[in-house]
Amino acid sequence: MAQAQQTDKDAASADKSGNEAGDPKSRDQKSRPSARADEGEASQVNEVEQDPIAMLRSDHRKVEELFSSFDKASSPQEKARLTEEICTELMIHTLLEEELFYPACKRHMEERLLAEAQVEHDGAKMLIIELQSGSPDDPYYDAKVKVLSEDIKHHVAEEEKPSSGIFAKAKQANVTTADLAKQMGDRKRELTEKAKAGGLGSPETRSFRVRTNIGTRLFSKEDDPMARHSTSTMDRDDRGRFVSDDNDDRRTSRSRDDDYDDRRYDRPRDEEGRFTSSRSRSRDDDDDRRTGRGHGGWFGDPQGHAEAARQRRR
């Protein structure tokens with residue numbers, strides 16, 4: 001009896017398997033979940049390619065995952081690999097925003113938002129430069145990655161802030177066009193290929209004017225008018241005075257103090273090094289009358305010096 005029941009079960013199982021194998025409807029039902037997943041992925045890729053904000057949000061999520069992986073990494077080799085990938089992704093992302101997205105957003109939102117975002121970019125770039133020139137063996141390496149992570153987290157939160165962030169305001173102003181998305185997509189592919197070839201280099205700051213050990217440059221005078229008057233970059237003449245660069249012949253920049261110094265240094269002196277002008281002479285005469293000392297009493301006459309001291313004691 002038990003053997004007959006087992007035989008019936010085996011037959012039913014074989015019949016079910018045969019029906020599923022031969023039934024197109026059954027096969028279609030089993031393949032639908034996979035097909036729907038592929039369609040979802042294709043739809044997501046299509047959205048990223050046609051929407052600038054979706055593209056930037058995708059970058060944000062990728063970098064967040066890389067920072068999370070770094071937190072879990074233990075070997076120096078893995079940390080170095082993840083840090084290099086983080087720096088590359090951030091450099092490409094910041095260039096996309098600075099070259100294309102932020103300029104498109106200008107005049108559509110407060111300048112303050114874009115200025116703050118640029119300064120946040122440049123702060124991150126300084127840490128990137130530090131990490132590029134270091135290694136996981138450095139004492140502050142992990143701390144720099146952590147601070148970079150926190151800075152990016154803050155920057156992302158500000159950009160993605162509902163209704164008041166850059167992304168929300170760009171969407172409200174219809175800045176996020178398919179044409180902008182295409183420009184950003186083309187530029188991203190170009191930068192990615194450049195990074196793979198090792199030609200991306202180190203980032204350059206736009207709002208900072210300090211020079212670091214590698215990677216950054218000082219803005220030129222055309223970039224920032226304030227640099228024209230920076231005393232750290234101005235030349236000096238043989239007397240230590242600043243030289244103006246407003247003319248081709250590099251003539252000395254003069255002031256009333258300079259003219260006074262010239263007159264002062266050009267005035268004749270006597271054999272004891274004192275000025276011999278009438279004004280100086282009159283002061284010496286007054287001193288002589290007040291102290292009762294003769295010519296040179298303080299400078300060359302010990303007797304006159306002693307006499308003046310006795311008069312003060314009286």
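Helices (H or I, at least four residues) and strands (E, at least two) are DSSP runs, numbered from the N terminus. The model is predicted: local features need pLDDT of at least 70, side-chain atom pairs count only at pLDDT 80 or more, and totals for chains, interfaces and linings use all residues. Residues are numbered from 1 along each chain as its sequence is written, and side-chain values use heavy atoms, with hydrogens and water left out.

**Exercise 1.** State how many helices and strands the protein has.

*Solution.* The secondary structure comprises 11 helices and zero strands.

**Exercise 2.** Describe how helices α3 and α6 pack.

*Solution.* Step one: α3 spans residues 52-72 and α6 residues 141-159. Their axes (lines fitted to C-alpha atoms, for helices over the stretch in contact; angles run from 0 to 180 degrees between N-to-C directions) come within 11 Å and cross at roughly 155°.

Step two: angles over 145 degrees count as roughly antiparallel, and α3 and α6 are therefore roughly antiparallel to each other.

Step three: contact means heavy atoms within 4.5 Å. The contributors include H60, F67 and F70 of α3 and Y141, L148 and I152 of α6.

**Exercise 3.** Determine whether Q118 is buried or exposed, and identify its side-chain partner in a polar contact.

*Solution.* Step one: Q118 lies in helix α5 (residues 111-132).

Step two: buried means under 20% relative accessible area, exposed over 50%, partly exposed in between (1.4 Å probe, protein chains only). With a relative accessible area of 13%, Q118 is buried.

Step three: a polar contact is a pair of N or O atoms within 3.5 Å; within protein, one must be able to donate a hydrogen and the other to accept it, and residues adjacent in sequence count only if both atoms are side-chain atoms. The side chains of Q118 and E98 form one of 3.0 Å.

Definitions and conventions
Angles under 35 degrees count as roughly parallel, over 145 as roughly antiparallel, 65 to 115 as roughly perpendicular and the rest as oblique.
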